[in-house]
Amino acid sequence: MVKFGIGSRTVNPLANDTHHAIRELPAGIYQKDLHFVMELVQNADDNHYEDGKVPELQFVLVDEDLGGYGVQYTLLVLNNEIGFSRANVESLCSIGRSTKKGRRQDGYIGEKGIGFKSVFLVTHHPIVISNGFRIGFSDSPTESTDLGYIVPEWVEHPTDVELSNCLGIAENQLPSTVIVLPIRQDKVEVIRSQLFELSPQLLRTKKSARSSDGSRHMSVHRHRRAPSKEIARMIPNDCSYSIIQLVLPATGEEVSFHVWQQTFSMVGDHEIEDRRNINMYKITLAFPLDRNNNTSDPSVFAFLPMKNQSTGFKFIINADFALVASRDSIRFDSICNENIFQNIPEAFMSAFICPLKTLDNQPEDVYRFAPDSSLNAASNQPWLAAVIDGILQRLKDSSIDSSIVICAENIGQEFSVLTDSDIHSRRYCPPLNARMVDPMFRSIIERAQEMNFRCPWLTENRNLYIVDAECQGKYESKLTDFGVRYFTSEEYAAFLSEKWLLSLPDELYVELLIFLSKEEDSKHLSNLPILKYFDEENTLKLLAPCDKKTISLYVPEKSTDMSFLSQWISHFASWVSVRFMPSNIMNIAESISEDDFRLLRKWLTEIAGVEDLSVGAYVTNLISLEKENVRLSLSIVHLILHALETGKFDVPVLLPASISKWPRYGLESSWHSRVLCLSESYFNLPFFLKGKVGHDLIVEFLTKAMGALDIFGIKEPPDAPLTLRSHLGLSGEELTSLIAWLQDVRYIPGNLKKSLRESEWVKTVEHGTRKPSACFIDLGRWKEWKGLLLPRDVPFVDTQFFCDLRPFESIVENLGMVTLLHSEVQNDTAKRWYAFLRSAMWMGWRNTTKPVIWIPNQSTSRTWRRIDECVIHDRKGLFHGTLCVLDLYYRNEEILSFFKDNVGVAETPNAGMHRLLWINWSKREIRITEEECQNIWSVIAEGWDFLKQKRSTEVKAFYSKCRIPCTSFSTGSEQIMLARPSEILLSDDLVLTEAFQKAFPSLKFAWYPRNADASAWADQLVQCYKDLGVKQISDIVSVESSKGLAIYFETGGIGRGVYRAILGYLTGTLCNVPYQTRKRMVRQLQNVKVYFTKDVDKVSYKLCVGGKVYSVDRNTNVRWEKTERTMYVTMRSFCNKARVAYELTSELAKGMVGGERAELVNGLRDWLLMSLAVHFEDDAVQDLLRAYNMRLTLEDEALLQEGHIPIFVTMY
């Protein structure tokens, strides 16, 4: 032991300095206590093992003192390597003399020769037992050398017998190397709580590794499986590929990885001295086979995990990066590292392709390892962005071997590569040549293949390939990142060949049409022959939508008409050409869902030009061609008789015009395609029948034989407009007959009703002819208005022109005639109406839903409004844009009283209106001021208890749509934001609030009013927030890690004097806090125990809000744990008394008041400081209250007499 001067009479003068330097070196370099575990794992990885032996490393924590150093726990590190050599031992006894130095190209990374020294972070006396060596070290200087850490001493314990008994194995089963670490008392908790939770990624790039079974023992075996010969042929010479399987013996759990290693040449001079002779290096990528692996642990390793290097990758990168001194972070100013970063994309591409093309089961799952393009946008690390860009570019680049997209094999497409030597490439293609397709279209071509109707495009095309279905379904976004596109309309057109479409079974053909009807770009297929039809020779052909003007294509309006029309179409072929789509296609179409059928019919009509054809429309079209053609006329008659006999004729047949009323109403021009008008020719009798056969007999024949009738005999009018104009010269009797007919029909179709409502056909007294909605009709209920209203005031219907319309009240209202006064009027006229109604105490509009309030705007937007659309006053100006505020239009208090008392208009906006307004603001996300927020929520809060008793749709809508006003530290309290209840917190504890706001400025807290006037409704506002789902910060915060307190010198409680001081301040006129609120605040002090200690330990708080986890540390002299009802206070003999007094009173004030009364905190704290000066003695506090003219109420005094409040207290 000459090296250390043992036995020498003189002491090494540098020994003391050397000892202190060694002590500071690991502590300064390794910032984490558990870094020694990583160093031991790395050492085990660098060790040598016997051939055929599976490397194994175990960590075992036992509650025994195996070394005899008086500790409670010992950590055993067991490794089955070949054992320590003399050189290894000498390395432990030195600094900077690692046996691995200079061997980087062999995979060794030892740099400083001090990795083992990191164990001194957790132990005073490490022991190494290996290959006959049994030596210990101490962090205290030895008497003979004045040195510690590197001076070895022979140790007797633990013996092999003691180790075997402790581990429960035979002596001959002990591994060749055992490291014994007696754990320091102050590191026990760290080891117990964190050692067995270290990232499992630590073991994935190691030859020997460890994992945890959740107990005090952890062990893992590593098995390497070489690739098959077939796969090995795909691996370049500078690469290696294997499947690594890690087995946890305790549970049998297995974890497997694809591990790819590739060698690269170092480019450029290296800036680190001991690496300048390195010209080659390796990059290792490990891909976990566990598909559920979504770890966020560090994914960059330099044989040990790097701090803060979580990349978001789903694979691990391991390379010989140049590191900072602490060996836990990468140097970003290194030429070596820049070289590695540049080659990671190439290594990834090689590693990516190998498992992709060799996995037999679900090879597309390899895609999950490709980085998302979104990672690049979110990354603030330039090297990471460069790596992501490099990987994605290589995945897209077709100039390199990028046949990485898996193609579908079940649709009949053929691949260009089919040789046995390239068997793994035959179903892959580059992203540039791959196409994704709509799942519905894929289903069609898959079923067509199953039915032996393969599309020729799939066999003839050699440039484009359709992506595998499962691949597209699971990794569409990844494929998009690779540059894979969807089929374009041109590519769909190339796919849909005429031969294939004609051969396609009708069921699949209908599905194809449905798909096209849903495809946005289907209008670009207008030149593609795609519509099936039968020509005049009954041959099935295809028609392109662009040819719809050349050949008219139809589908029967009713499927039952198909067979009927088919019998006649050929008969009339020489006069009109009609082509039908095959009947079976429409029969199948009618069996699909209603929504799909509606969409298909719309597409056929608008895009493909396919029209509906009814029997009536067909007949009408033929009649328009008649032109005195006797043969055609007879054929049409035969067709009509056939249709009438079979019930297919659904078009009204009108009697000749000369004996009918329908010409007076202009039906021939309005309904020309919807009715059949018989010709006057029926009355052109031979001369010898004139005078013998009258018109009545002919009409009787037409009525019985052909069902002919006049307009008022039609019971189901067609859905066509009937435009009445004044030029028709219709009399009042004729118009009344029309109204009577409309009231008798079964149903008035929409187009017919719309035309009658919008036509100007109603004659008024002094306002000409107006549309119904612009007229007022007096049905005898408004006699009081006579003399007050003049005909010039209102467009009254001319009752002398019309017959008595009272029996038709329902139909005239349906057509839009005004039976009450809510048409357009002059402003002074409206005032006269309402003055009259007020004088008559009119209450008839009290519950009406009709618009009865005239808004006399100066602009052209004058209008009538309903009761619920108006209020009398809106003094806060919130509803000017959403409600009609009547005092803006009517200054007469008598009229305003009429609106309020007689009509039922709300005097001011009620709580329901405020809620609706808030929901509207929430949708628009407008900027809201403090004043607006207070004006709305004061009303909502004050009416909240009543609202909760209701179970209306309005209440449910408010609960589901309401956004909560909130603020954040980053935006300032002046800027109010809106957020969902789950995204914000209630600040019921200002201490916690301030701690989290400082650490996370963007964290959102519910808004509270900041002025004293809000005290009356602040408590209700808090209840609103709670009921809407906002969580209190004190309810969801948890203590993540707290070591507790070792020694409590005294314990005490919070006595009556503290309660009295708080209640006295809150009762004062400056605070004006209601009694129930005061009671709730002080009740938080109930049964709180106060612990006085030497030191209040740091505590970590954790909460989850909006799906994110937030954690902060707090280290103060006072801490109030409200959920535990405990308060920790530093003893005055161990700290600055003034500082602790300030923190104590602040903790009390902030903890009790909450965010809704934050303005009270400073005053309450100052008052408590004054009370603390008299030690919170109850009598002294009473004197203070009297001195400052403060007094408690009777309720407060009764509260102080409750039994849980102690009279005396041990207080700071």
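This report describes the secondary structure, strand pairing and helix packing of a predicted model.

**Overall composition and confidence**

The chain comprises 1212 residues, of which 50% count as buried. Its secondary structure amounts to 40 helices and 42 strands. Among contacts with a separation of 6 or more, 69% are between residues 24 or more positions apart.

The average pLDDT of the chain is 77, and 79% of the residues reach a score of at least 70. In residues 27-31 the pLDDT falls below 50, although this stretch has 15 contacts in the model beyond near neighbours in sequence. Residues 418-425 also have a pLDDT below 50, with 8 contacts beyond near neighbours in sequence. Where pLDDT is low, the predicted coordinates should not be read in detail.

**Parallel sheets**

In one, 3 strands take the order E16-E15-E17 and the pairing is parallel. Strands E16 (465-466) and E17 (485-486) form the edges, each pairing on one side only. Strand E15 (residues 434-436) is joined to E16 by 2 bridges in the parallel sense, and Arg-435 stands opposite Ile-466 in E16. Helix H12 (residues 469-482) packs on this sheet, where it touches E15 and E17. The direction of H12 makes about 120° with that of E15.

The other sheet is also open, with 3 strands in the order E21-E20-E22 and parallel pairing. Its edge strands are E21 (579-580) and E22 (611-613), each of which pairs on one side only. Between strand E20 (residues 553-556) and E22 there are 3 bridges, in the parallel sense. Within this pair, Val-555 stands opposite Asp-612 in E22.

**Antiparallel hairpins**

Strands E18 and E19 form a hairpin with 5 residues between them. The turn contains Asn-538, which has a positive phi of about 65°. Tyr-533 stands opposite Lys-541 in E19.

In the hairpin of E39 and E40, 2 residues lie between the strands, and Gly-1106 takes a positive phi near 60°. The bridge partner of Val-1099 in E40 is Arg-1114.

| Strand | Partner strand | Sense and bridges |
|---|---|---|
| E18 (residues 531-534) | E19 (residues 540-543) | antiparallel, 4 bridges |
| E39 (residues 1099-1105) | E40 (residues 1108-1114) | antiparallel, 7 bridges |

**Helix H20 and its surroundings**

Helix H20 (residues 630-646) has 17 residues, and the distance from its first C-alpha to its last is 24 Å, close to the 24 Å expected at 1.5 Å a residue. Its buried residues are Leu-632, Ser-635, Ile-636, Leu-639, Ile-640 and Ala-643. Because these residues cover an arc of only 140° around the axis, they are on the same side of H20. Exposed residues Val-630, Arg-631 and Glu-645 are carried on the face turned away from that buried side.

The cover over the buried residues of H20 includes helix H16 (562-569), helix H19 (615-623), strand E24 (676-677) and helix H22 (695-706). After H20 comes Gly-647, whose phi is positive, near 75°.

**Helices H23 and H24**

The 13 residues of H23 should span 18 Å at 1.5 Å a residue, and the 19 Å between its end C-alpha atoms agrees with this. Buried positions in H23 are Gly-732, Glu-734, Leu-735, Thr-736, Leu-738, Ile-739, Trp-741 and Leu-742. These buried residues pack against H24 and helix H25 (809-814).

In helix H24 (residues 750-758), the residues Leu-752, Ser-755 and Leu-756 are buried. Seen down the axis of H24, the buried residues fall within an arc of 95°, so they line one face of the helix. The elements that cover them include helix H23 (732-744).

Terms used. Residues numbered from 1 in each chain as written. Predicted model: local features only at pLDDT ≥ 70, side-chain atom pairs only at ≥ 80, totals over all residues. Heavy atoms only, no water. pLDDT = per-residue confidence, 0-100. Contact = heavy atoms within 4.5 Å. Pairing = 2+ DSSP bridges. Expected span 1.5 Å × (residues − 1). Buried < 20%, exposed > 50% of the residue type's maximum accessible area, 1.4 Å probe, protein only. Arc of directions from axis to C-beta. Axes fitted to C-alpha atoms, helices over the stretch in contact; angles between N-to-C directions.
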